[in-house]
Amino acid sequence: TIQPYKEKLNWLITYLTTQLHKLGVEIHTGAAFDYGSLTDAPDAVIVATGAQPLLEGFAGFAPDMVVTAENVLLGTVKPREQRVVVLGGHQVGCETAEFLVQRGNSVTVVARSGPENLAEDAPRTYRIALLGRLQRLGVSFITHHDVKEIRQGSMLLVDGDGKTQKLEADLVVLARGYMPVNRIGEEIRGRVNEVYAIGDCVEPRDIAAAMYEGAWVASQI
């Protein structure tokens, strides 16, 4: 599954996979990396282990109510006709809101920043189109608010002045960013002559940055 209006990104995946096969690159999937099991010590290792969703704990936490945007977009969780609150008003949060409302859910986006910052990390023309679609689809936005507590069936929000408001919810979706995952790079540094980290395992960014860094590093080896 992929965010609405981004289906053509699958073409890029197909193209890159095809090129790897044409070039005879050996690929191992569904396997964990274990440096000790390598028969030959590598001269160089490029680490591109990505990032993982930033998880948070909340007072009154109801764990069965809280999932990540990744859970939703990958289809691990498939809410239908539910009251869903998306925490996070940046691009991923807004795209996940659109994905959810298209599947019959009632969606509210809660953002700690103001309305002018909604999807601010998206390209300008795409941002305008995305926010326009969300408005037409009836997605609600509550800005300048954070979560005080989450309880079964509802959550309590708080603004900058300490005023609270209750919001009914069947499901809460976390979309408040990602954190780098670079355990492998840290483990093998000092054991391999050349270790390079690229993409989101350095800092979560976009596809263009990851592809640029991959191409640049490969040209240096």
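Residues are numbered from 1 along each chain as its sequence is written. Because the model is predicted, local features need pLDDT of at least 70 and side-chain atom pairs count only at pLDDT 80 or more, while totals for chains, interfaces and linings use all residues; side-chain values use heavy atoms, without hydrogens and water.

**The parallel sheet**

Helices (H or I, at least four residues) and strands (E, at least two) are DSSP runs, numbered from the N terminus. Two strands pair if DSSP finds at least two bridges between them. An open sheet of 5 strands runs in the order S3-S10-S4-S5-S6, with parallel pairing. Its edge strands are S3 (66–68) and S6 (140–142), each pairing on one side only. The twist averages 25° from one strand to the next. Strand S5 (residues 106–110) is joined to S6 by 3 bridges, and the two run parallel. Thr-108 stands opposite Ser-140 in S6.

**The antiparallel sheet**

A further open sheet has 3 strands in the order S7-S8-S9, with antiparallel pairing. S7 and S9 are the edges; each has a single partner strand, so one side of each lacks a neighbour in the sheet. Neighbouring strands are turned by 30° against each other on average, direction ignored. S7 (residues 145–151) and S8 (residues 154–159) pair over 6 bridges. Arg-151 has Ser-154 in S8 as its bridge partner. The hairpin of S7 and S8 has 2 residues between the strands, and Gly-153 takes a positive phi near 90° there.

**Helices H3 and H4**

Axes are lines fitted to C-alpha atoms, for helices over the stretch in contact, and angles run from 0 to 180 degrees between N-to-C directions. The axes of H3 (residues 91–101) and H4 (residues 124–137) come within 10 Å and cross at roughly 40°. The crossing is left-handed, that is, the near helix is turned anticlockwise from the far one by less than a right angle. Contact means heavy atoms within 4.5 Å. H3 contributes Gln-91, Cys-94, Glu-95, Ala-97, Glu-98 and Val-101. H4 contributes Tyr-126, Leu-130, Leu-131, Arg-133, Leu-134 and Leu-137. By class, the contact has 8 nonpolar, 1 polar and 3 charged residues. Ala, Val, Leu, Ile, Met, Phe, Trp, Tyr, Cys and Pro count as nonpolar, Asp, Glu, Lys and Arg as charged, and the others, Gly among them, as polar.

**Two loop residues**

Buried means under 20% relative accessible area, exposed over 50%, and partly exposed in between (1.4 Å probe, protein chains only). Arg-176 lies in the loop between S10 (171–174) and S11 (178–180). Arg-176 counts as buried because its relative accessibility is 11%. Residues touched by Arg-176 include Leu-54, Phe-58, Leu-87 and Arg-112, with those up to four places away in sequence not counted. Its side chain also makes the polar contacts tabulated here. A polar contact is a pair of N or O atoms within 3.5 Å; within protein, one must be able to donate a hydrogen and the other to accept it, and residues adjacent in sequence count only if both atoms are side-chain atoms.

| Side-chain pair | Distance |
|---|---|
| Arg-176 and Glu-56 | 3.0 Å |
| Arg-176 and Asp-146 | 2.6 Å |

Gly-160 sits in the loop between S8 and S9 (164–168). Gly-160 is exposed, at a relative accessible area of 79%. Its C-alpha atom is separated by 53 Å from that of Ser-37, 123 residues apart along the chain.
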